Protein chains: 4
Amino acid sequence: MDIGFIGLGEMGAGMVANILKAGHQVRVWNRSPERAQPLADAGAQVVATPAEAFAGDAVFSMLADDAAMREVFNATLLENAARGLIHVNMATISVTLAEELASAHAARGIEYVAAPVLGRADVAAAGKLTIVAAGPAESIDRVQPLFDAMGQKTWRIGSLPQQANVIKLAANFMLAAAVESLGEAATLVTGHGVAMQDFIDVITSGIFPGPVYQGYGNAIAEQRYEPALFKARLGLKDVRLALEAADAVMTPMPVASVVRDSLMDAVAHGDGDKDFAVLGEVSARRAAR
Amino acid sequence: MDIGFIGLGEMGAGMVANILKAGHQVRVWNRSPERAQPLADAGAQVVATPAEAFAGDAVFSMLADDAAMREVFNATLLENAARGLIHVNMATISVTLAEELASAHAARGIEYVAAPVLGRADVAAAGKLTIVAAGPAESIDRVQPLFDAMGQKTWRIGSLPQQANVIKLAANFMLAAAVESLGEAATLVTGHGVAMQDFIDVITSGIFPGPVYQGYGNAIAEQRYEPALFKARLGLKDVRLALEAADAVMTPMPVASVVRDSLMDAVAHGDGDKDFAVLGEVSARRAAR
Amino acid sequence: MDIGFIGLGEMGAGMVANILKAGHQVRVWNRSPERAQPLADAGAQVVATPAEAFAGDAVFSMLADDAAMREVFNATLLENAARGLIHVNMATISVTLAEELASAHAARGIEYVAAPVLGRADVAAAGKLTIVAAGPAESIDRVQPLFDAMGQKTWRIGSLPQQANVIKLAANFMLAAAVESLGEAATLVTGHGVAMQDFIDVITSGIFPGPVYQGYGNAIAEQRYEPALFKARLGLKDVRLALEAADAVMTPMPVASVVRDSLMDAVAHGDGDKDFAVLGEVSARRAAR
Amino acid sequence: MDIGFIGLGEMGAGMVANILKAGHQVRVWNRSPERAQPLADAGAQVVATPAEAFAGDAVFSMLADDAAMREVFNATLLENAARGLIHVNMATISVTLAEELASAHAARGIEYVAAPVLGRADVAAAGKLTIVAAGPAESIDRVQPLFDAMGQKTWRIGSLPQQANVIKLAANFMLAAAVESLGEAATLVTGHGVAMQDFIDVITSGIFPGPVYQGYGNAIAEQRYEPALFKARLGLKDVRLALEAADAVMTPMPVASVVRDSLMDAVAHGDGDKDFAVLGEVSARRAAR
């Protein structure tokens, strides 16, 4: 297929590489053009403007946040796009913006699919993302081969794009709650002289298997917060978006508020670029340890 | 071996059954003697007083809470016990009581091992418990064959019995935090029209595998709170004990406080005997849904 | 003086009435023109557009929220205003918007003063407001006679307008925290059979004198939530703004998060138009009473 | 009257001094006898055992906590006391202990009145305490002259002694919540460059008059935490007791949990003997300021 790809951060770069490997033609655009060079070497066509990328059979976008989305996908870009184009937005954005984008695309006859992903840069590079897609079924059908190139599993949630974003934000809230809980538990057990690693071994071999408790649990046990696989300030961004989405449906989420406070504590202490596991440090600081 | 077993609730009964199957002689005592009958049929010797059970090579106890422990394992019982007896307490008790029991046993020359378990009644019946043991290494060595009869894995934590209790309480806190988070996430996603089951399917197939997210997640998705596998009021008991243990080492645990409030809300609404998953109901109530 | 006044809600209407009484000429504008009639009878000149009001020596605004402010005080209005005009914004708005307005006015040579008020509609009608003013000192000097007509006391905070808004939001957060605490205390004492009124009498006659503890305390004791002097949904708006302002300076405010959750609970239960004291009801609901 | 007084800490010493001034005979006992000397100089009779003090028309007690109460007012002391003696306990103790004491006294025919006080040592010395009394009406009538010597106002709550303790704990919770709120507000306003003193001036001159907001607000504005008028660790003790009392009636108090965590943070950081206002420091620390 002839596709465009907008946003070549760590995630986007890995995704494009896998699309190229699957044999598709890709026009890529990134604000900082130097990020595009390795992909050009791999066969991508680097274009100079978002508008040049926003064409073909389908366009994928993977930008950093709401602000970047609003700047690139402005009224002019949408007005000038071909009717029938499919735009698949894979970034983690607010539910509010997801709703606005769905309306704005519909008004111009552009198909809009939300397809946020679970998995970090290493998973993207490996083509093993979990993709949560929502939007018109026929549009998703058409881009499924691309999803298959980028991910190991696509969940199809329904026809309202923003619902995929809700799931993504709720999943990241769950992740944040688990890491905060690990941090609190670490401070509790070490306060009683128990090695955190012993605790992590017990729970991950039984009730809490899987990458979250193992990965973050071990990082907290070892007080290893760099290099960051998922930065605390990005975790804060997502918890804020989850709280905003909860606010919109008048839903108290007290654990989410606790985690937001802990993440702000981390960022205020200069640890925003450290790994999410730095919540263990925040918890220890509350107990002066 | 010739052992005693004190406390034949749902957990204890399953554990004794497996010990009998493994070919050991067991004297059993329970406050309500009728609970002992099925075990008598399976070969256990029912005795009339805790003192008769508190003899032999080793004695295991599995009572409901601190109060029951204090009542049975009083000074008189300990004074009259044979020196060198090993007492293995498998109940979930407070760290404070664990420390007191360790001292009281040591003062009378009785070995004391704390060996709380992870797993509910069905797991106990299947002999698949996870056992977290702390205490004198030789004592644990001697009772290891019994642990092997009751569980699939024994974690040996160290020589201070109370540290095993700390791990148990921290693990149950983690469980409580996960269920509370599931409840909050459920209210968020359903508020935006997403089916909770879809959300659970996405997270349990990827970042959150394992029995906790699947079991409680599905229960919340189906609003199925009975029969209770783990009652909300017992969850509240354990979160309180975790907070007490945290207080003793001056450790704030804000998520634990949130969960305690939610569990009190559940119990106040008459749902204390429902499953822990009823936290999903508490979360929904906060949002008037 | 020749002044304009934009926004004739309950607060604005009382303020204009006092300005008229003090002998000033006032051009008034309100989105719903019928609100202007009683003031016309009292001598105000009703104008048809914000632009007609946005002229003279000084213009005061008292609109409902950020959205209303943004709509009325758009680029066109500011472009067409006379240089040297003083705009005194008395509404409770976000710190972010206050900063934007300060810049936008400065760019057009319009003086901008933020002067949010403490006190509800009855206090405004009585001309007894407490005014918290920040902005250029000479501008505040010039409008001081108007402040004297509307309020009993003007606090001058500094030259950065948004700092007055910060104080207003922090004050409303304090209010919210006090009402939430009263609600929690009410549920505690009544749970032990103590009459809430007895408790309120004890604390308000000693450590907690003043209108907040007396007014809201009595309302909670009497479970009297209507008519609303300060609506729960407006309280929620202000706590949200306080949290936003805290977020901008990476400041965790856990009590503010608790109050936000309680206010969302109230609004979700259909009590948004009841008095702020309805937090007592939320607290009681958590305990199933 | 012929009275006994047990417990001569800062509070008790001031209270006894005022009772002596009012012309009563007082037998005093304190664990550390040197504390009794100044009162002996003022006319008190120092006795060597609690039993000697626990006699006469009425006995007042003002001990530090539940543990001290349980140790002194044990079964032996009560057994040997004269029937009809009135025991007035003015200490801040748990609701649970208050209930136990009421029963234990009743069983021996001793009258029991709970009369906790509002006010710190300086207020006690000045004879200006606020007294909250509950118990048999005739007993309170008989000791009213003593209350008049110690305090400026006696509130009579009812016949169940523990209800006076509930009010005291709820009042101290309100105090704790106010100080925590001041701390959070301080971090918010100073984060935006506003002087905390300006904020305190605004709120204390209007919506929040009275000693709490002025005293603790000024202390936080000046970051003046010593000498302590009310120590953080004693504040923590009372908030814990409030949470225990809430737990007994299954009442979530989320603000109380937040304050408990902040106070533990303060104590963990070695500030337990600083003034309660040190919560301002805890709040600042969360924001890395």
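Me: What share of the residues in chain A is buried?
Reply: This is a predicted model. A residue counts as buried if 20 or more other C-beta atoms lie within 10 Å of its own. Of the 289 residues in chain A, the buried share is 59%.

Me: What radius of gyration does chain A have, and what would a compact globule have?
Reply: A compact globule with 289 residues would have a radius of gyration near 19 Å. Chain A agrees with that, because its own value is 20 Å.

Me: How many helices and strands does chain A have?
Reply: The C-alpha atoms of chain A fill a box of roughly 65 × 45 × 35 Å along the principal axes. The secondary structure in chain A comes to 14 helices and nine strands.

Me: Which element gives the most to the side of chain A that touches chain B?
Reply: The contact takes 55 residues from chain A and 56 residues from chain B. Several elements of chain A each supply at least two residues, among them strand S8 (129–134), helix H9 (161–191) and helix H12 (232–248). With 18 residues, the element that gives the most is H9(A).

Me: How many residues on the side of chain A that touches chain B are nonpolar?
Reply: The residues on this side of chain A include 11 polar and five charged. The nonpolar ones number 39.

Technical notes. Residues are numbered from 1 along each chain as its sequence is written. Chains are lettered from A and ligands numbered from 1 in the order in which they are written. This is a predicted model: local features need pLDDT of at least 70, side-chain atom pairs count only at pLDDT 80 or more; totals for chains, interfaces and linings use all residues. Helices (H or I, at least four residues) and strands (E, at least two) are DSSP runs, numbered from the N terminus. The radius of gyration is taken over C-alpha atoms; the globule rule is 2.2 Å times the number of residues to the power 0.38. A residue is buried if 20 or more other C-beta atoms lie within 10 Å of its own, exposed if 12 or fewer, and partly exposed in between; C-beta atoms are placed from the backbone. Two residues are in contact if their C-beta atoms, placed from the backbone, lie within 7 Å. Ala, Val, Leu, Ile, Met, Phe, Trp, Tyr, Cys and Pro count as nonpolar, Asp, Glu, Lys and Arg as charged, and the others, Gly among them, as polar.
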